[in-house]
Each structure stands twice: as structure tokens, then as C-alpha cells.
Amino acid sequence: DIGVSFKTIIKSNIKVERSMLELFDLFSEFSSLLVNEPFSLNLGFGLDLGLLYSFRDFLSLGLVCRDIVSPIIKNRYSSLNGFFGTEDPRRTNTLIPPDLSFGVLITPYLGRAEKYISNMKILYDYNDILDFVTHKDTARNPILHMGFGLEFTLLEILTLRGVFYEGLLAAAFGLDLKAFNLNLSMYGKEMSMEPGMHPVYNIVIGFDFSY
């Protein structure tokens with residue numbers, strides 16, 4: 001299978017820098033922050049290409065290159081007021097670095113055990129393979145690019161997931177109650193370039209109602 005995706009990119013942000021002591025004052029001056037702090041607007045388009053090879057229902061291999069060609073125009077304004085006014089922005093033309101990623105999915109046949117355990121998936125992926133070439137100044141340790149995962153469903157109701165990604169463990173479960181699904185996950189995000197230097201853990205709860 002071959003997939004091609006064309007996309008347009010519109011991204012804006014307001015940059016706010018405060019010390020920890022000033023953090024609680026942000027709420028009282030929230031409205032003024034939106035109009036007086038530096039504002040940026042990025043415009044562009046992009047092209048993604050993906051390849052998928054499947055062998056029966058057992059093995060799938062995927063290779064994707066995101067942002068093969070993705071030119072971006074970055075516009076920087078002194079504030080949001082400047083954007084709506086007559087201010088000429090500081091304009092920069094650049095390219096989003098391409099992201100080449102690879103993934104493997106194995107779905108083993110469990111035989112009679114599938115009466116109790118089903119939909120087992122064993123996953124491995126390696127993201128942003130060429131970062132040391134495309135943006136070597138911000139390239140990360142190879143361990144942070146790798147992910148391993150295991151997922152299976154018990155009694156067609158409870159789905160359990162275990163993951164090792166960015167050098168950190170993650171776990172999740174999903175509960176399928178027909179009328180709605182409940183999902184809970186805890187995962188880590190490595191904020192530095194090396195494993196274990198600055199991990200941040202997150203908890204996400206999701207409800208999915210369908211009728």
C-alpha cells in the first residue's frame with residue numbers, strides 16, 4: 001500500500017516568559033498577555049509519503065517520510081496588536097526537516113487461547129531515523145527514537161497495553177462496555193536530548209460514547 005498526504009500548515013503562538021515567582025500573576029494579566037506579548041504566524045504546505053507491506057494477518061512493515069517537502073514562512077510580530085495593525089513582520093523562509101520513521105507490527109495467532117486473549121499486537125518503531133543528518137544540532141540519543149509495545153484484550157472487554165518509549169515505561173488499559181469506552185494511560189516524555197535527564201510523566205483519561 002502507498003499513501004500520499006498533502007497538507008497546509010497554519011500555526012500561530014504567543015510567547016510568554018515569566019519566572020516562577022510571577023507565575024500566579026499570569027491569571028490577573030491574562031487578557032493583556034494575549035495582545036502585548038510577541039506573536040508569530042507560520043504559513044506553509046507539506047507532503048508526506050507512506051509505504052505499508054502486509055504479510056497475511058501476521059506481519060506489517062511500515063515506512064513513512066513526513067515533510068518530504070514542507071516550506072514554511074515564519075512571520076514574527078512584536079505583539080498581537082502589531083499583527084492586526086500595520087506592523088511589518090520579521091519574515092523567515094525555511095523548511096521543516098523531513099522525518100523518516102519505520103515501524104513493525106506482529107499479530108500472532110494464539111489458537112485456543114484466543115477464547116480468553118485476543119487482538120494481541122507486538123509493536124516496534126524507530127522515529128526520525130535521519131535526525132543526525134537533517135537537524136544534527138538538535139539530534140537526540142538513539143534510545144529516545146525507539147519504541148516497543150505490547151497490547152492484548154482479555155475476554156473481549158479489557159484491553160491492556162505496555163510500552164517502552166523514549167527510554168521510559170508507559171502503561172494503559174481500555175474498558176469496552178459497548179455503550180461507552182473508558183481509556184486510562186500513563187506515559188513519560190523525555191524533554192532532554194539524553195535518556196533519563198528530564199522525564200515528565202502524564203496521565204490521560206478518555207471516554208468514548210457511541211450510539
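**The largest pocket and its surroundings**

Guide: Lining the largest pocket are 25 residues, and those nearest its centre are F148, G149, G162, V163 and Y165. Two or more residues of that lining come from each of strand 6 (99-106), strand 7 (117-126), strand 8 (146-154), strand 9 (158-165), strand 10 (168-176) and strand 11 (180-190). A pocket here is an open set of points on a 1 Å grid over the protein atoms alone, where a 1.4 Å probe fits and protein lies on both sides within 12 Å along at least five of seven lines, and lining residues have an atom within 4 Å of a point. Strands are DSSP runs of E with at least two residues, helices are runs of H or I with at least four, and both are numbered from the N terminus.

This is a predicted model, in which local features need pLDDT of at least 70 and side-chain atom pairs count only at pLDDT 80 or more, while totals for chains, interfaces and linings use all residues. Residues are numbered from 1 along each chain as its sequence is written, and side-chain values use heavy atoms, with hydrogens and water left out.

The space in the largest pocket is about 400 Å³, a volume being the space filled by probe spheres set on grid points that are joined across faces, edges and corners. Sorted by class, its lining holds 13 nonpolar, 7 polar and 5 charged residues, where Ala, Val, Leu, Ile, Met, Phe, Trp, Tyr, Cys and Pro count as nonpolar, Asp, Glu, Lys and Arg as charged, and the others, Gly among them, as polar.

Most residues other than glycine have a negative phi. E156, in the loop between strand 8 and strand 9, has a positive phi of about 60° although it is not a glycine, and E166, in the loop between strand 9 and strand 10, likewise has a positive phi, of about 55°. E156 counts as exposed because its relative accessibility is 62%, whereas E166 is buried, with a relative accessible area of 2%; buried means under 20%, exposed over 50% and partly exposed in between, with a 1.4 Å probe and protein chains only.

As for the whole protein chain, its secondary structure comes to 3 helices and 12 strands, and its C-alpha trace spans about 70 × 40 × 40 Å along the principal axes. Of its 211 residues, 22% count as buried.
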